[in-house]
Amino acid sequence: MKFNKTETEYNMKSIRFLLLTITTMFIIISILMIVLGFSVYSKYHSFSYFYDSAKNGNVFTPSVLIIILGIFLFVVTLFGFFGSLKQSTCLVNMYALILTLLLILKLVVVILTFTLKPETLKNYIYIPISKYVTDPEIEMEIDRLQITLNCCGANSYLDYVGMDFTNQSTVAVTTRINGDELELVVPQSCCSPRVDFCTSVRSISCRTAIINLFVQNASVIGVLGISVMFIQVLGIIFALLLARCIRKMKSERTFLSWKIKEQMILAREQEEESVKETRDTFRDSNPDPMSGVYIAPHECSTA
């Protein structure tokens, strides 16, 4: 039995193509995040380090967080991808629900970020200076942060006082604290310019530098955030439209199948009635020729 394509099916194909395009883009991004996270972690750490960190409760390094976010994005996107591919209303609606929750969460974060004061935001920025001498990956990230933003330490260069530097690149710096001249050892990335003996240490804290960077580029960050949320809104709209088209198409197919079965039953009944009428007509037009002939009983004689 062959069904003719309806307008709903053509609309569903268009919406499914757009949703598959968006979900495929997110799948590629999530795979790249996972590969990047594993490559960075394998460069700076080993499995034994991960095992020891897990026992101590210090599992979340930047690369691990990237891997977790990539896996989460990959799993969420699979709902929309296979839901649109297999025409499953359950998976597509689940994908739309998760995207809606993420969109609400992003809106809350954006509103709080742009309404809170810079001094309040500074308290929510965490820079793990204490792990600088124990974690090579965090050391690399902090060095890059300090050089890029021209800062030193989370609150100041005094955060490095008392640290036991081993294989890190360090410089000596002379400073005055409460009128006393002291010589401190800080990472080489805190010195400007980067030389063996530091003559000018970066005085701005990295928390302050991050807040200043955010304030200076608030418009750019806002545009990027709106763009990402716009893509999410498109994904939600396409997912809901696709779920609606799938339900409508299944309803139309069920209704069409029921109509065809009903027509087949009616056709069969009409055929049976036609055959019955044909038999009755034939019987009326051709009566039994033996019905009107009288046959006398046979007389037998006895000797």
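1. Confidence. The chain averages a pLDDT of 77, and 79% of the residues score at least 70; pLDDT is the predictor's confidence in each residue, from 0 to 100. This is a predicted model, in which local features need pLDDT of at least 70 and side-chain atom pairs count only at pLDDT 80 or more, while totals for chains, interfaces and linings use all residues. Residues are numbered from 1 along each chain as its sequence is written, and side-chain values use heavy atoms, with hydrogens and water left out.

2. The mean is lowest in helix α2 (residues 47-56), at 47, and highest in α6, at 85. Helices (H or I, at least four residues) and strands (E, at least two) are DSSP runs, numbered from the N terminus. Over residues 46-55 the pLDDT is below 50, and this stretch has 9 contacts in the model beyond near neighbours in sequence. A contact means heavy atoms within 4.5 Å.

3. Annotated regions. An unreviewed UniProt entry places the feature "transmembrane region" at residues 17-40, 60-82, 94-116 and 220-243. UniProt positions are given in the numbering used here, feature names are shortened, and annotations may be inferred rather than shown by experiment. In the model, residues 17-40 are 100% helix and 0% strand, with end C-alpha atoms 35 Å apart. Residues 220-243 are likewise 100% helix and 0% strand, and their end C-alpha atoms lie 35 Å apart.

4. A disulfide is a covalent bond between the sulfur atoms of two cysteines. Here the criterion is a pair of cysteine sulfur atoms within 2.5 Å, and by this rule the count comes to 2 disulfides. One of them joins Cys151 to Cys206, with an S to S distance of 2.2 Å. This link is right-handed, with 85° about the S-S bond. Cys151 lies in the loop between α6 (136-149) and β1 (170-177) and Cys206 lies in helix α7 (residues 206-216), so the pair ties together parts that are 55 residues apart in sequence. Both Cys151 and Cys206 are buried; buried means under 20% relative accessible area, exposed over 50%, and partly exposed in between (1.4 Å probe, protein chains only).

5. The link of Cys152 and Cys190. A disulfide also joins Cys152 to Cys190, at 2.0 Å from S to S. The link of Cys152 and Cys190 is right-handed, with 85° about the S-S bond. Cys152 is in the loop between α6 and β1 and Cys190 in the loop between β2 (180-187) and α7, 38 residues apart, so the pair links distant parts of the chain. Cys152 counts as buried because its relative accessibility is 0%, and Cys190 is buried, with a relative accessible area of 0%.

6. Ser84. This residue lies in helix α3 (residues 62-86) and is buried, with a relative accessible area of 0%. Not counting residues up to four places away in sequence, Ser84 touches Arg16, Leu19, Leu20, Val92 and Leu242. Ser84 and Leu19 are 65 residues apart along the chain, yet their C-alpha atoms are separated by 7.2 Å. A polar atom of the Ser84 side chain lies 2.9 Å from the backbone oxygen of Gly80.

7. Gln232. This residue lies in helix α8 (residues 218-285) and counts as buried because its relative accessibility is 5%. Its contacts, not counting residues up to four places away in sequence, are Leu99, Leu102, Leu103 and Lys106. The side chains of Gln232 and Lys106 are joined by a polar contact of 3.2 Å. A polar contact is a pair of N or O atoms within 3.5 Å; within protein, one must be able to donate a hydrogen and the other to accept it, and residues adjacent in sequence count only if both atoms are side-chain atoms.
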